[in-house]
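Please keep the sequence and the coordinates in view while reading.

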Amino acid sequence: FILGFECNKHVNWNLGMFKEFYNRNFSDSGYSFVSKKITDYNIVLKFPNFQWDCDQLSSNLNIINHEKFIETVFAKLNLNILVRCLSPNMLEKTYEILDLQSYINSDEDVCIALTERYSLQFIRSHSRLRWNWKILTQRFFHPDLRLQISNPHYIDKWDWDYLSSNLELS
């Protein structure tokens, strides 16, 4: 089996090239390849009926970190892939657009991915969400933690097994 022209790694899938060839017969591999290789999110917005590979779009770093792209096509994207690939800054910007609060509270895989990626400041300002506190304890454990360790808001949330193994008592 020989891959078609659309899978040629030397083809630059910019808007001009896409306009010229988008209506040709692509292989399934070709749709995936083009979805992975485009560098301008406007192509997706201008050609919504193209057979995009949404998993590849969801991980395409050239296009996903644009707020307009997320606002326009997020319903088609694979959220489990997207939350692992978006920049932390874009995750915070699109928190409400993507309705991530409901996913944090209902989808363990998304909750873990977001717990691993959000900033400490963001997590503090959304501390009532169901974060994975094992991950948070390990991510943010440092000597200054002792100042926060007895905070009543967090006392029942810390991973005490991890802390008891790693906290130096002085």
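H66 counts as partly exposed, because its relative accessibility is 34%; buried means under 20% relative accessible area, exposed over 50%, and partly exposed in between, with a 1.4 Å probe and protein chains only. The model is predicted, so local features need pLDDT of at least 70 and side-chain atom pairs count only at pLDDT 80 or more, whereas totals for chains, interfaces and linings use all residues. Residues are numbered from 1 along each chain as its sequence is written, and side-chain values use heavy atoms, with hydrogens and water left out.

H66 belongs to the loop between α4 (54-59) and α5 (67-73); helices here are DSSP runs (H or I, at least four residues), numbered from the N terminus. Leaving aside neighbours within four places in sequence, H66 is in contact with Y41 and M90, where contact means heavy atoms within 4.5 Å. H66 and M90 are 24 residues apart in sequence, and their C-alpha atoms are 7.7 Å apart in space.

D99 is partly exposed, with a relative accessible area of 43%. The phi angle of D99 is near 50°, a positive value in a residue other than glycine.

The buried residues of α2 are G30, Y31, S32, F33, V34 and S35, and what covers them includes α1 (15-21) and α4. G30, which lies in helix α2, counts as buried at 0% relative accessibility. Not counting residues up to four places away in sequence, G30 touches E6 and C7. The C-alpha atoms of G30 and E6 are 5.3 Å apart, although the two residues are 24 residues apart in sequence.

I38 is placed in the loop between α2 (28-37) and α3 (41-46). I38 is buried, with a relative accessible area of 0%. Beyond its neighbours within four places in sequence, I38 is in contact with W13, I43, V44, W52, L57, N60, N62 and I63. W13 is 25 residues from I38 along the chain, with a C-alpha separation of 5.3 Å.

Apart from neighbours within four places in sequence, W131 is in contact with I104, C111, L114, T115, Y118, F122, I123, H126 and L136.

How do α9 and α11 pack? The axes of α9 (residues 108-117) and α11 (residues 133-140) come within 9 Å and cross at roughly 15°. Therefore α9 is roughly parallel to α11, a description used for angles under 35 degrees. Axes are lines fitted to C-alpha atoms, for helices over the stretch in contact, and angles run from 0 to 180 degrees between N-to-C directions. The contact is made by I112, T115, E116 and R117 of α9 and by I135, L136 and R139 of α11.

Notes
Helix = DSSP H or I, 4+ residues; strand = E, 2+ residues; numbered from the N terminus. Parallel < 35°, antiparallel > 145°, perpendicular 65-115°, else oblique.
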